[in-house]
Amino acid sequence: MEQKTILIWFRNDLRIHDNVIIHEAVRKNARVIPVYCFNPYFFSKTSIGTLKTGSFRTKFIFESVLTFKEKLKEIGSDLIVLFGNPEVEIIKIALHYEVNDIYVHQEVAFEENNEMQLVEKALWKHRIPLTAFIGHTLYHKQDLPFPIKDIPNVFTAFRKKIEKETSVRQEYPTPEKLSSPTIENRFDLPTFEQLGIIEPPSIPSNGLNLKGGEAAALARLKYYLWDGDHLKNYKSTRNGMIGSEYSTKLSPYLALGCISPRRIYFEVKKYETTRVSNDSTYWLIFELLWRDYFRFMFKKHGNRYFKVGGFKDKVFSFGEDQEVQFASWQQGTTGATFIDACMKELNATGFLSNRGRQNAASYLINDLKVNWTWGAMYFEEKLIDYSPSSNWGNWAYIAGVGNDPRENRYFNPLKQAKEYDPEAIYTQYWNNL
Ligand SMILES: Cc1cc2nc3c(=O)[nH]c(=O)nc-3n(C[C@H](O)[C@H](O)[C@H](O)COP(=O)(O)OP(=O)(O)OC[C@H]3O[C@@H](n4cnc5c(N)ncnc54)[C@H](O)[C@@H]3O)c2cc1C
């Protein structure tokens with residue numbers, strides 16, 4: 001049988017371990033053409049003038065793409081990096097290499113789905129099929145004990161049923177060799193300038209400074225679990241705000257697919273059998289389940305997560321000076337020093353703890369009475385770990401228009417600061433920089 005040529009279109013799956021689209025191509029004994037495309041749309045401005053991707057995440061993506069290219073070279077292939085509309089650029093590559101099929105991972109949010117559909121439509125004219133695979137979640141969609149439309153809107157109900165009735169599938173093997181034709185190397189990366197993004201400043205000494213890429217992701221996992229032995233205390237430290245040890249910091253790697261959630265899961269299982277199994281080890285998997293949950297919820301409710309009223313059609317009355325309040329929140333000049341510190345950390349590093357995110361979001365919604373979707377769009381620009389379902393799902397949750405059974409989740413900033421930053425070390429550090 002003639003050997004097939006498959007174009008593998010990588011998006012948020014920049015790894016060779018546990019990667020279904022690579023595995024399927026290898027299993028078919030195909031020649032592979034790995035491609036990554038920088039789509040200018042994802043670096044453009046939103047309706048309120050924020051960027052879809054800001055400086056820190058752009059840098060993180062650059063690092064992840066470059067190291068992925070190196071990795072693919074090590075196993076006999078390469079990565080074609082493109083810059084432009086995928087429905088134009090990918091088609092050119094597909095035709096040039098006379099590919100038989102295109103493999104890609106299925107996403108859950110509108111813009112990512114739309115990007116794929118445009119490519120699919122353009123391919124159709126050339127009779128080239130596009131096959132989408134599921135591979136971003138811990139639990140496979142087909143193993144869920146309910147169809148997507150019947151997934152409970154309350155997390156606890158979802159979690160209990162999953163924990164009882166479903167198991168995590170084994171990882172796909174990591175390929176040792178890929179078969180590729182000679183790939184003409186075009187260029188490595190677009191520049192910040194081409195993308196219209198300003199290069200990020202250097203990160204202050206106390207800020208989180210992660211390097212992108214699969215190797216860095218796996219090293220971080222190894223460090224957090226094995227070398228640093230931090231997992232055993234995770235449940236009591238995870239609400240921390242200072243340093244890099246209080247939580248795993250795997251979110252940016254998960255968002256870009258530099259690490260698979262199953263890899264984390266099975267390492268935790270190994271840790272449980274060889275070191276300790278306790279509330280903390282359970283809790284990390286519990287948090288990964290939240291990530292899954294928001295992805296499945298996005299499949300269920302679609303675009304309603306981006307609407308002010310969410311899927312509850314709640315009506316808000318926003319303050320008359322929303323623009324002014326929003327600007328002070330963005331800049332960290334509200335006068336609520338704990339919140340200001342959170343925003344300054346976010347602006348200076350692209351990262352913010354979960355506790356900080358909850359407080360910043362609640363303050364914008366409940367104290368400043370600003371449209372929460374503006375806050376979500378601002379986080380979308382700034383966060384290095386931005387992922388549509390996790391970001392918009394959490395924002396909708398705090399705004400009381402998503403999956404929180406409570407209508408109004410208020411975080412009192414004074415009380416929160418007292419509990420989570422009792423000596424004001426965090427608040428002072430970021431406000432005095
Ligand atoms: C307003 C708001 C916006 C957020 N936006 C994002 C986002 O865009 N991308 C993102 O990955 N997370 C987001 N989160 C969730 C959470 O804050 C981050 O996942 C977490 O802080 C990342 O740090 P970590 O990897 O050290 O987390 P850990 O505490 O080590 O957790 C391990 C992993 O579990 C997952 N996780 C943990 N908490 C949550 C949660 N509440 N929802 C979904 N997944 C979770 C993440 O993948 C995380 O990497 C948001 C939370 C809030 C309140």
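**Reading one residue, then the whole chain**

Modeller: Gladly! Let us start with Arg169, whose place is in the loop between helix H5 (155–165) and helix H6 (192–195). Keep in mind that this is a predicted model.

Colleague: Is Arg169 buried, exposed or partly exposed, and why?

Modeller: We count neighbours: 20 or more other C-beta atoms within 10 Å make a residue buried, and 12 or fewer make it exposed. Arg169 has 14 such atoms within 10 Å, so it is partly exposed.

Colleague: Which residues does Arg169 touch, leaving out those up to four places away in sequence?

Modeller: Arg169 touches His140 and Asp143. Sequence distance and distance in space are separate things to look at: Tyr139 is 30 residues from Arg169 along the chain, and their C-alpha atoms are 7.2 Å apart.

Colleague: Now the domains. How is the chain divided?

Modeller: There is domain 1 (1–135), domain 2 (139–167 + 214–302) and domain 3 (307–431). Between domain 1 and domain 3, the contact takes 11 residues from domain 1 and 13 residues from domain 3. On the domain 1 side, six of the residues are nonpolar, three polar and two charged.

Colleague: And how many residues surround the ligand?

Modeller: The ligand has 29 residues around it, with Ser247, Thr248, Ser251, Asn391 and Asn394 the closest. Helices H9, H11, H14 and H16 are the elements that each give two or more residues to this shell. H11 gives the most, with six residues.

Colleague: What kinds of residues make up the shell around the ligand?

Modeller: It divides into 13 nonpolar, 10 polar and six charged residues. Domain 2 and domain 3 each supply at least three residues to the shell.

Note on methods:
Residues numbered from 1 in each chain as written. Predicted model: local features only at pLDDT ≥ 70, side-chain atom pairs only at ≥ 80, totals over all residues. Near = placed C-beta within 6 Å. Helix = DSSP H or I, 4+ residues; strand = E, 2+ residues; numbered from the N terminus. Nonpolar A, V, L, I, M, F, W, Y, C, P; charged D, E, K, R; others polar. Domains from an automatic or database assignment. Contact = placed C-beta atoms within 7 Å.
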